[in-house]
Amino acid sequence: MSKIFIHIPDSTACSYYRVILPIMQCYSDLSKEGIQLVCSDHIAEHEQCDVYIFHRIIKNDFWQAIYKLKTQGKRIVWQLDDDVFNVPSTNPASHKIHENDKKRTTEQLFYWDSIITTTQNLADSIACP
């Protein structure tokens, strides 16, 4: 059986519609294929998953755990549906993304085995943030 960890970043409507609902839709079908989904707002050290999926800007306190997972040979995936590097100040979410978060995320792009985006334009913009 394979295990996929999916990080739920917060308890907002954004996470509900972009993370939790897709998990609920996929859970049964993936279980039938021998794939278990593990979902949490934190990385449980006791969970040994094959793939770890994180969304949007990654909290500073996760980077050490991500590094540890990467050195253990785990696959690390970053999923995003917005250009987190260019959020306009008029967007209510802009106050949640600080320059240090953007800088750290840019510096850590090499950790990701895969990056999943919702559009090709977004994928192109992330290639060289």
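## Aromatic pairs

Eight aromatic pairs turn up in this structure (rings of Phe, Tyr and Trp, the last by its six-membered ring, with centres within 6.5 Å; stacked means planes under 30 degrees apart, edge-to-face over 60, tilted the rest). One of them joins Trp 78 and Trp 112, a stacked pair at 5.7 Å centre to centre with 15° between the planes. Trp 78 sits in strand S4 (residues 75-80) and Trp 112 in the loop between H3 and strand S5 (114-117), so this pair ties together parts 34 residues apart in sequence. Helices here are DSSP runs of H or I with at least four residues, strands are runs of E with at least two, and both are numbered from the N terminus.

Both partners are tucked away: Trp 78 is buried at 0% relative accessible area, and Trp 112 is buried at 7% (buried is under 20%, exposed over 50%, partly exposed in between, using a 1.4 Å probe and protein chains only). They also belong to one aromatic cluster with Phe 5, Tyr 52, Phe 54, Phe 62, Trp 63 and Phe 85.

## About the model

This is a predicted model, where local features need pLDDT of at least 70, side-chain atom pairs count only at pLDDT 80 or more, and totals for chains, interfaces and linings use all residues. Residues are numbered from 1 along each chain as its sequence is written, and side-chain values use heavy atoms, leaving out hydrogens and water.

## The sheet

Five strands make an open sheet in the order S2-S1-S3-S4-S5, with parallel pairing (two strands pair if DSSP finds at least two bridges between them). Strand S2 (35-40) and S5 are the edges, each pairing on one side only. Inside the sheet, S3 and S4 pair in the parallel sense over five bridges, and Ile 53 stands opposite Val 77 in S4.

## Pockets

The largest pocket has a volume of about 570 Å³. A pocket is an open set of points on a 1 Å grid over the protein atoms alone, where a 1.4 Å probe fits, with protein on both sides within 12 Å along at least five of seven lines; lining residues have an atom within 4 Å of a point. The volume is the space filled by probe spheres set on the points, which are joined across faces, edges and corners. Of its 25 lining residues, Asp 10, Arg 56, Ala 93, Lys 96 and Ile 97 are the closest to the centre.

The second largest pocket holds about 200 Å³ of space. Among its 13 lining residues, Ile 6, Pro 22, Ile 23, Ile 53 and His 55 lie nearest the centre. H1 gives the largest share of that lining, six residues.
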